[in-house]
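Opened the notebook to go through one chain from the overall fold down to a single side chain. Here is what I looked up, in the order I did it.

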Amino acid sequence: MEYYSTKQPDFTVSMREAVTACVPQAGGLYMPSALPSIPKAFIHNMTDMSLREIAYATTNVFLGEDLDSSEIKSVIDKSLSFETPLIEIGHDIYALELFHGPTKVFKDFGSRFLAGLFSSLRRDAGEKLNLLVATTGNTGMAIARAFAGRDDTNVFILFPHGAMSRRDSSLIARSGDNIHAIEVAGSIDDCKSMIAEAFADCRLRDGLVLSSANSTNFARLMPQVALFFYAVGRLRALGVSTGDVDLAVPSGNLGMLASGLMARRIGLECGSLIGACNSNNAFDRYLKTGVFEPHATIKTYATLMDMASPSNLPRLMALSNNNLDLLRRDVRSATIGDDMIAATIRSVYDTTGYVADPHTAVGIAALGLRVNSRRPGLVFATAHPSRSSAVLSSILGKDVVPPGDDNDIRSAAHPDRLPPTYPAFRKYLLSNQ
């Protein structure tokens with residue numbers, strides 16, 4: 001299957017190039033030249049299928065022309081080896097918990113899948129791969145864990161000053177000798193800009209093999225597409241009318257939302273997809289007004305969604321034939337401020353005892369704002385509550401303890417620090433080969 005650039009549709013590459021090079025030199029993002037169709041038999045039978053069985057089926061229609069099916073199955077089996085519980089948190093309102101992987105965030109799905117896929121695609125490669133990652137927390141943690149200790153890969157993880165706790169930045173910095181934690185004296189958009197300049201630097205790309213593990217890499221979306229089919233299958237098994245169910249997606253960089261729209265385009269039957277934004281709501285304003293106007297990043301309770309300019313918007317538009325009205329038919333949006341995040345967390349906890357992290361609360365609140373709020377709804381719960389323990393402690397007055405060995409920071413390490421300029425980052429890249 002060939003992949004094209006959303007900025008230059010006539011420019012196409014192979015799947016291997018789309019995954020390993022990741023970002024077209026002309027700009028834009030890679031998308032498959034033609035979307036496959038899921039067999040009807042799969043749609044009818046997915047109620048009885050496990051997540052790994054669903055992921056194998058949905059991934060195979062995208063990658064099966066380029067990879068042996070046994071390799072795809074091996075990558076799926078190794079990367080999606082944790083539970084994904086479906087919890088009812090209100091009348092006909094459900095949460096699919098995506099935070100039971102190694103780092104307790106939904107990014108574990110895409111990160112572990114990408115690590116396995118790179119192992120298959122680069123088995124005989126002689127050059128070292130350099131992965132460039134911009135994060136406000138979750139992506140960095142998941143990528144560091146998935147790629148730690150790989151002699152064939154350097155990982156450069158950029159994050160804004162103040163975006164992470166000392167514990168989280170220490171965990172990334174001590175993940176392995178091949179993991180480089182870099183605190184940037186700027187915003188997440190500065191981090192993304194520095195990486196974009198690296199990909200546009202022809203001289204740098206001539207000397208180094210560069211790729212990204214952010215959701216700009218198309219492969220990161222593959223297991224997320226499967227999650228939408230799995231969610232609908234689990235609801236259908238409970239007797240929920242899934243043709244009407246609305247799926248709320250906490251939306252920052254829009255990678256998960258793009259995965260949902262891709263799932264819909266290849267055969268998923270559901271109600272609306274809801275892009276649930278915090279106060280960094282450039283996408284919500286764009287969907288409502290048709291004008292895309294990013295503003296300076298606002299710090300919110302849902303910190304991992306604090307970004308002004310979501311990278312995956314070109315994919316949403318490509319999946320809608322660059323027709324905003326067509327996008328609006330399938331995707332709704334909402335803005336949820338901190339006051340509503342806090343009120344939702346309290347209400348859900350007081351009513352059911354369920355502790356929703358702030359990002360999940362954004363999705364729950366968005367379901368409550370629907371015109372027809374009596375329709376069944378599901379929110380993708382994207383992070384364990386302990387990932388936002390300070391915020392939840394202030395709202396609920398109770399501590400949420402991180403699970404497992406994430407409490408252990410005896411071997412504390414510190415990130416490197418850089419100014420928000422590309423020359424500084426370029427120098428750092430070249431000095432760490």
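**Ground rules.** I am working with a predicted model, where local features need pLDDT of at least 70, side-chain atom pairs count only at pLDDT 80 or more, and totals for chains, interfaces and linings use all residues. Numbering runs from 1 along each chain as its sequence is written, and side-chain values use heavy atoms, with hydrogens and water left out.

**Whole chain.** I counted 18 helices and 14 strands; these are DSSP runs numbered from the N terminus (helices are H or I, at least four residues; strands are E, at least two). The C-alpha atoms fill a box of roughly 55 × 50 × 40 Å along the principal axes.

Next I looked at burial, where buried means under 20% relative accessible area, exposed over 50% and partly exposed in between (1.4 Å probe, protein chains only). Buried residues are 59% of the 433. For contacts (heavy atoms within 4.5 Å), I took those between residues at least 6 apart in sequence, and 74% of them join residues at least 24 apart.

**Helix α12.** I picked residues 282-289 and found Ala 282, Phe 283, Asp 284, Tyr 286 and Leu 287 buried. Those buried residues pack against α11 (255-265), β11 (273-277), α13 (313-318), α14 (324-330) and β12 (331-335). After α12 comes Gly 290, with a positive phi near 80°.

**Strand β9.** Is it covered on one face or both? Both, I noted: in residues 209-212, Val 209 and Ser 211 are buried on one side, and Leu 210 and Ser 212 on the other. Strand β6 (residues 129-134) runs parallel to β9 and is joined to it by 4 bridges; two strands pair if DSSP finds at least two bridges between them. Leu 131 stands opposite Ser 211.

**Leu 210.** I stayed in β9 for this one. Leu 210 has a relative accessible area of 5%, so I logged it as buried. What does Leu 210 touch, leaving aside neighbours within four places in sequence? Its contacts are Thr 20, Ala 21, Asn 130, Leu 132, Ala 198, Phe 199, Leu 204 and Arg 205. Phe 199 is 11 residues from Leu 210 along the chain, and their C-alpha atoms are separated by 7.3 Å.
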